[in-house]
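Please read them with the sequence and the coordinates open beside you.

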Amino acid sequence: MAKNRDKEEVKRFALMIGSNLRYLRLDRATFMPQKVPAAHLGVTHQQVEKYENGKNVPCSYRLVQLANFYKVTPNDLTNPDFINSKSIEKGVIHVDSWKR
């Protein structure tokens, strides 16, 4: 039972990091294909796709490289509330609407 729960937590963690990576790649004025961060990392665009889809989790070295590329901290990439907090900062989500 504990092993299944651990696998589920790892999967949720991988999906959360992937969501944050995808958000950072797509939240810009001009479209950025996966090959751009892939070239910076020295990996294929398929590997970046696996990171974003939660199929693979980047190692700590790659996590730091990704954070540097997107000009955030590794903590931002592993923060489950990162997208929400950025959306509030940009005014996409209004805090008042959450107080119901």
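1. Leu-21 lies in helix 1, which spans residues 2-26. In this predicted model, Leu-21 has a relative accessible area of 2%, and because the cut-off for a buried residue is under 20%, Leu-21 counts as buried.

2. Which residues are in contact with Leu-21, once its neighbours within four places in sequence are left aside? They are Tyr-51, Glu-52, Leu-66, Tyr-70 and Leu-77.

3. Helix 4 is followed by Lys-71, and the phi of Lys-71 is positive, near 60 degrees.

4. Turning to the chain as a whole, the model contains six helices and zero strands, so that the order of elements from the N terminus reads α-α-α-α-α-α. Of the contacts in the chain with a separation of 6 or more, 59% are accounted for by residues 24 or more positions apart.

5. On burial and surface, buried residues make up 30% of the 100 residues in the chain, and the chain exposes about 7000 Å², of which carbon and sulfur atoms supply 54%.

How values were computed: Residues are numbered from 1 along each chain as its sequence is written. This is a predicted model: local features need pLDDT of at least 70, side-chain atom pairs count only at pLDDT 80 or more; totals for chains, interfaces and linings use all residues. Side-chain values use heavy atoms; hydrogens and water are left out. Helices (H or I, at least four residues) and strands (E, at least two) are DSSP runs, numbered from the N terminus. Buried means under 20% relative accessible area, exposed over 50%, partly exposed in between (1.4 Å probe, protein chains only). Contact means heavy atoms within 4.5 Å. Accessible areas come from the Shrake-Rupley method with a 1.4 Å probe; for residues, only the protein chains shown count as cover.
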